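Open the model in your viewer and keep the selection tool at hand. We will go from one side chain to the next.

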Amino acid sequence: MSAPRAPQDCQQEACAIQSCLSRNNYNEAKCTAYVDSLYKCCRDMYAAAQQPGGQVPKSTACPIESVVNRRIKAMEREGR
């Protein structure tokens, strides 16, 4: 796992997804790497909250933690 990130960092990943979709006529298949990046950022944000003194995560860019965990597990099964 990479270093914990601040919630505002995940906003950058969310914006990157929107830019990619716009550039690729909303073809999601061409933006998978950006979506994966957002989920990894969100995973790191939730992990940071579990550390002593961690803040309760707040980000409009991230789904709830259970959704993030499910997606991360699927990515790992797929080798991403």
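First, the ground rules. This is a predicted model, in which local features need pLDDT of at least 70 and side-chain atom pairs count only at pLDDT 80 or more, while totals for chains, interfaces and linings use all residues. Residues are numbered from 1 along each chain as its sequence is written, and side-chain values use heavy atoms, with hydrogens and water left out.

**Stop 1: aspartate 36.** Select aspartate 36 and arginine 71. They form a salt bridge, with the closest N and O atoms 3.6 Å apart. The term means a side-chain nitrogen of Lys or Arg within 4 Å of a carboxyl oxygen of Asp or Glu. Aspartate 36 lies in helix H2 and arginine 71 in helix H3 (residues 65–77), so the pair ties together parts that are 35 residues apart in sequence. Helices here are DSSP runs (H or I, at least four residues), numbered from the N terminus.

Is aspartate 36 buried or exposed? Aspartate 36 is buried, at a relative accessible area of 6%. Arginine 71 is partly exposed, at 26%. The cut-offs: buried is under 20% relative accessible area, exposed is over 50%, and partly exposed is in between (1.4 Å probe, protein chains only).

**Stop 2: arginine 80.** Arginine 80 is partly exposed, with 37% relative accessibility.

**Stop 3: glutamate 78.** Which side chain does glutamate 78 meet in a salt bridge? The partner is arginine 80, at 3.1 Å, N to O. Glutamate 78 is exposed, at 52%. Now show Asp36, Arg71, Glu78 and Arg80 together: salt bridges that share partners join them into one network. The whole structure holds 4 salt bridges.

**Stop 4: aspartate 44.** Move along helix H2 (residues 32–50) to aspartate 44. Aspartate 44 is buried, at 2% relative accessibility.

Notes
Helices (H or I, at least four residues) and strands (E, at least two) are DSSP runs, numbered from the N terminus.
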